[in-house]
Structures are given as C-alpha cells and as structure tokens.
Amino acid sequence: SPRVLSGIQPTAGSFHLGNYLGAVRQWVALQETHDAFYMLADLHAITVTQDPAELRANTRLAAAQLLASGLDPDRCTLFVQSHVPEHAQLAWVMNCLTGFGEASRMTQFKDKSARQGADRASVGLFTYPVLQVADILLYQANEVPVGEDQRQHVELTRDLADRFNGRFGPTFTVPKPHILKETAKIYDFQDPTVKMSKSASTPKGLINLLDDPKATAKKVKSAVTDTDTVIRYDAENKPGVSNLLTVHSTLTGASIAELEERYAGKGYGALKTDLAEIMVEFVTPFKERTQQYLDDPETLDSILAKGAEKARAVAAETLALAYERVGFLPAK
Ligand code: TYM
C-alpha cells in the first residue's frame with residue numbers, strides 16, 4: 001500500500017485545534033489505508049532555544065496525545081526523529097543539493113527568523129526545511145499529510161527529490177502533499193484572519209486540547225465573529241463564523257449546508273454555545289486518554305522503541321542507496 005509520512009514538533013506541550021484538525025485527524029484516518037510513518041520531530045524542536053527537561057517531557061506528552069487521538073501502534077509506525085540517526089545523515093546530503101537562495105525563500109524561516117531577530121536565529125532554523133525533506137524522502141513517502149503552512153516544505157521536497165534523481169539516477173519517490181481543503185488552515189478564535197498557532201498574539205484565540213475544558217468553552221463562547229447576524233459560510237467576508245462552522249462540521253460530521261440550515265434565523269450565540277459543548281465533549285476524554293498514556297511511561301517508551309526499530313529498517317535502506325549514489329566509498 002502507498003506510504004505516508006508526517007511529523008509534529010513536540011515543543012508546545014498541548015496540541016492545538018489546528019494541529020489536530022489540520023494534521024493529526026488525517027493521520028488517524030490514513031493509518032487504515034496507508035503504510036503510515038508518524039514522527040515526533042525533536043530534531044526540529046531544537047532549532048529554537050529549548051529546555052532539555054521540558055523537551056524530554058514534551059516528547060512523551062506529544063506521543064501520548066497522538067495515541068489519545070487514535071494512532072494505533074499496530075497500524076502505524078510512531079517514532080521519535082532523534083532515535084533514527086539517518087534523518088540527520090540524509091539531511092547533510094540534501095543540504096549540499098539545496099541552493100542558499102532557495103532555502104532563503106522559505107516563508108516559515110523568514111517569519112520565524114524575523115520574530116527572533118536575524119542574529120539570534122540559528123543556522124539550524126535556516127536549514128530546518130531541508131531536514132524535513134530528508135524526513136520525507138527516507139521513507140519513500142507517496143503522500144505527506146499536513147496543514148497548508150507546510151505546503152512549501154513539501155514542494156521543496158519534490159524539487160530536491162527530482163534534482164537528486166536527475167543527477168544520480170532514480171532514488172527517491174517524489175511525494176505529494178495531502179492537504180484537506182476544509183481543514184488546511186484553522187484560524188485563531190480572536191483574529192480569524194491569521195492561522196491558529198502557538199505563537200498567537202493572545203492565548204484567548206488559541207484552543208489548546210489539554211486546557212481546562214471550562215476555559216476552552218469560555219474561549220469558544222468569546223470567539224470573534226462579525227457585526228452581521230447571519231450564520232453562513234463565507235471565508236472571505238465572514239472568516240470568524242466560517243471558522244466556527246468548519247470546526248463544528250469536522251467534529252460532528254454535519255455538512256456546512258446542514259449547519260447553515262440548522263442555524264437559520266438563530267444568532268451567533270446559539271452556534272457558539274453548541275460548539276462550546278461539542279469541544280468540551282471532545283477534549284474531556286482526550287485529556288483523560290492522554291493522562292492514561294502518561295501514567296504508564298514504560299509502555300509509552302516501548303511503543304516508541306518498537307517504532308524506531310521499524311523506522312530504522314526503512315531509513316537505513318534508503319540512506320545506503322543515497323550514499324552509494326552520491327559516490328561515498330562503502331565502509332567495508
Ligand atoms: P508543526 O509541529 O508546526 O505542526 C504540526 C501539523 O499541524 C499543522 N497545523 C495546522 N493545520 C491547520 N491549521 C492550523 N492553524 C495549523 N497549525 C499547524 C501543520 O501544518 C502540521 O502538519 N515542520 C513540521 C513538522 C515536520 C514534518 C516533517 C511534517 C517535521 N518533519 C516531515 C511533515 C513531514 C512542523 O513544524 O509542524
């Protein structure tokens with residue numbers, strides 16, 4: 001069956017609603033139909049300053065949240081990026097194929113380095129997308145399930161795979177992004193013109209799955225909408241309401257058209273109250289399941305150890321082929 005690979009950074013602690021709806025939800029579905037590899041991107045996490053104890057705790061926490069979301073270690077390979085040294089090894093090769101200007105054009109790097117100040121941004125942050133390229137190519141992934149903000153990195157992966165294959169002969173599968181239109185970009189609940197992100201200007205618009213459910217309900221009820229009263233999906237003119245409809249629709253399975261009909265003649269309050277309840281019903285068991293996995297770190301670590309072993313088997317084979325193709329003398 002076709003293969004997928006994706007990753008999430010274990011930096012923020014709690015996943016937010018954008019991570020879940022944009023990516024993790026698709027991962028859970030794809031493990032049924034694809035040979036699926038999912039990774040905790042801890043190498044990516046150190047491109048900005050990190051606290052070692054926090055990184056360790058957050059890596060376990062992210063694994064627990066993925067399992068609580070429905071990833072099943074019997075149906076997918078769940079592993080920690082740093083457990084598979086081939087990622088860093090292939091990244092070096094891909095760095096040497098990447099143009100300096102090409103890397104400079106990555107919008108996420110430009111945003112993040114602007115936020116930190118050019119002098120404080122690390123070389124690791126600059127070359128972060130190339131590490132992501134290596135992540136994907138090592139597994140010969142056909143598809144990469146991500147949110148819209150990762151599209152450019154998948155495009156870079158396609159370019160570099162083509163470049164490598166062109167220069168050294170067919171080696172890597174050229175992957176496609178798997179981005180669902182409806183949930184590609186979940187917006188901030190206070191400023192529905194920007195994507196939901198852990199670096200939001202105010203925590204009020206950031207829906208963290210592990211927050212106290214009461215606090216989440218409050219955030220949903222105070223979501224920014226518009227001065228109109230009609231509940232209608234119109235991403236351009238009514239971004240706040242449209243975002244709420246998207247979240248409602250994805251969590252309940254009701255279509256947007258059904259929701260527009262259901263809320264016809266009702267005010268925004270009705271939609272927000274219902275959505276607050278839906279969110280509470282979603283996050284309460286999610287939090288409980290996450291805690292259960294955290295309470296049993298031995299099981300968690302053994303799931304990750306098995307995942308790393310399965311991942312390494314695939315990664316080592318691809319790296320050996322790539323090393324041979326570029327002309328490294330085999331160490332015999
Ligand atoms: P990260 O950790 O920032 O985000 C994890 C996933 O969540 C998606 N996402 C969103 N989707 C919709 N709406 C939003 N507001 C939103 N915010 C985040 C992201 O698109 C992503 O899919 N570089 C990656 C991690 C990574 C990776 C990889 C991904 C490392 N190696 C290889 C794919 C393949 C990142 O930082 O994602």
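1. Contact here means heavy atoms within 4.5 Å, and with that in mind, leaving aside neighbours within four places in sequence, His 153 touches Met 106, Gln 108, Tyr 128, Pro 129, Gln 132 and Val 133. This is a predicted model, in which local features need pLDDT of at least 70 and side-chain atom pairs count only at pLDDT 80 or more, while totals for chains, interfaces and linings use all residues. Residues are numbered from 1 along each chain as its sequence is written, and side-chain values use heavy atoms, with hydrogens and water left out.

2. His 153 lies in helix α8 (residues 151-168), where helices are DSSP runs of H or I with at least four residues, numbered from the N terminus. His 153 has a relative accessible area of 1% and is therefore buried, a word that stands for under 20% with a 1.4 Å probe and protein chains only. Between the C-alpha atoms of His 153 and Met 106, which are 47 residues apart along the chain, the separation is 7.7 Å.

3. Asp 135 is listed by UniProt, in an unreviewed entry, under "binding site", although such annotations may be inferred rather than shown by experiment. Asp 135 belongs to helix α7 (residues 123-138) and is buried, because its relative accessible area is 2%. Apart from neighbours within four places in sequence, the residues in contact with Asp 135 are Leu 5, Met 39, His 44, Gln 81 and His 87.

Terms used. Helices (H or I, at least four residues) and strands (E, at least two) are DSSP runs, numbered from the N terminus. Buried means under 20% relative accessible area, exposed over 50%, partly exposed in between (1.4 Å probe, protein chains only).
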